[in-house]
Amino acid sequence: MLKLFFAPETTETACGMFTLPHIISLVLCLALICAAVYFSRKLSDGQIKKIIRILAYAFTAMEIIKIIYKIALGYTDKLDYFLPLSFCSLFIYCLWLCGYGRGLAYKIGAAFVRGGCIVGGLAFLIVPATSLMMHPVYHYLSIHSMLFHSAMVYLGIIFFFLIPICTNLKPKCNSTFIN
């Protein structure tokens with residue numbers, strides 16, 4: 001089973017777009033996002049920051065596994081195949097900025113999460129143009145991509161609705177994220 005979980009691109013039939021496995025995984029991811037948002041609505045700033053830090057470590061580790069997998073199988077002809085350089089990969093860097101940054105560093109990370117993650121994450125979940133087009137839904141890269149983009153949407157919603165925007169126009173901000 002582990003062999004199928006990390007199989008090369010050509011060994012198994014790809015999931016594809018708008019197929020039954022894609023729709024099922026999309027519905028599961030949307031349900032996971034809704035449940036996570038529902039249970040996060042009463043969390044304190046400290047608890048949200050802890051979630052952000054856990055996600056930063058988890059997705060960095062998952063990205064390292066993905067990089068090792070791609071290099072081991074020789075998918076090195078394009079730099080963005082194995083290095084996190086895409087738009088959505090900025091989410092990993094922003095997790096670290098939001099989890100550990102203060103002041104301007106935090107604001108930069110939060111701006112991307114607020115502005116880019118909901119749209120970018122939902123766009124991928126609906127139209128998965130990369131991993132699900134090359135691998136079956138139970139493959140590591142497919143699961144990684146669906147969880148990664150679900151987390152993008154989740155944190156985008158959390159930042160958009162639960163975490164206040166503190167700017168110079170509103171200097172009296174009580175959020176522990178900025179101060």
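At what angle do helix H2 (residues 20-40) and helix H8 (residues 140-161) pack, and how far apart are their axes? In this predicted model, the angle between H2 and H8 is about 35 degrees and the axes lie 10 Å apart. The two helices make a right-handed crossing. On the H2 side, the residues in contact are Ser25, Leu26, Cys29, Leu32, Ile33, Ala36, Val37 and Ser40, and H8 answers with Met146, Leu147, Ser150, Val153, Tyr154, Ile157 and Ile158. Sorted by class, that contact comes to twelve nonpolar and three polar residues, with no charged ones.

Now for the other helix pair. Helix H3 (residues 45-72) packs with helix H5 (residues 90-100) at about 150 degrees. That angle is over 145 degrees, so H3 and H5 count as roughly antiparallel. Their crossing is left-handed. H3 brings Lys49, Ile52, Arg53, Leu55, Ala56, Tyr57, Phe59, Thr60 and Glu63 to meet Ile92, Leu95, Trp96, Cys98, Gly99 and Tyr100 of H5. Here the class count is ten nonpolar, two polar and three charged residues.

Side by side, the two pairs look like this:

| Helix pair | Packing angle | Axis separation |
|---|---|---|
| H2 and H8 | about 35 degrees | 10 Å |
| H3 and H5 | about 150 degrees | 8 Å |

One loop residue is worth a look too. Phe18 sits in the loop between helix H1 (2-5) and H2. Although Phe18 isn't a glycine, its phi is positive, at about 60 degrees. Is its side of the story buried or exposed? Phe18 has a relative accessible area of 52%, so it counts as exposed.

Technical notes. Residues numbered from 1 in each chain as written. Predicted model: local features only at pLDDT ≥ 70, side-chain atom pairs only at ≥ 80, totals over all residues. Heavy atoms only, no water. Axes fitted to C-alpha atoms, helices over the stretch in contact; angles between N-to-C directions. Helix = DSSP H or I, 4+ residues; strand = E, 2+ residues; numbered from the N terminus. Parallel < 35°, antiparallel > 145°, perpendicular 65-115°, else oblique. Left-handed = near helix turned anticlockwise from the far one by under 90°. Contact = heavy atoms within 4.5 Å. Nonpolar A, V, L, I, M, F, W, Y, C, P; charged D, E, K, R; others polar. Buried < 20%, exposed > 50% of the residue type's maximum accessible area, 1.4 Å probe, protein only.
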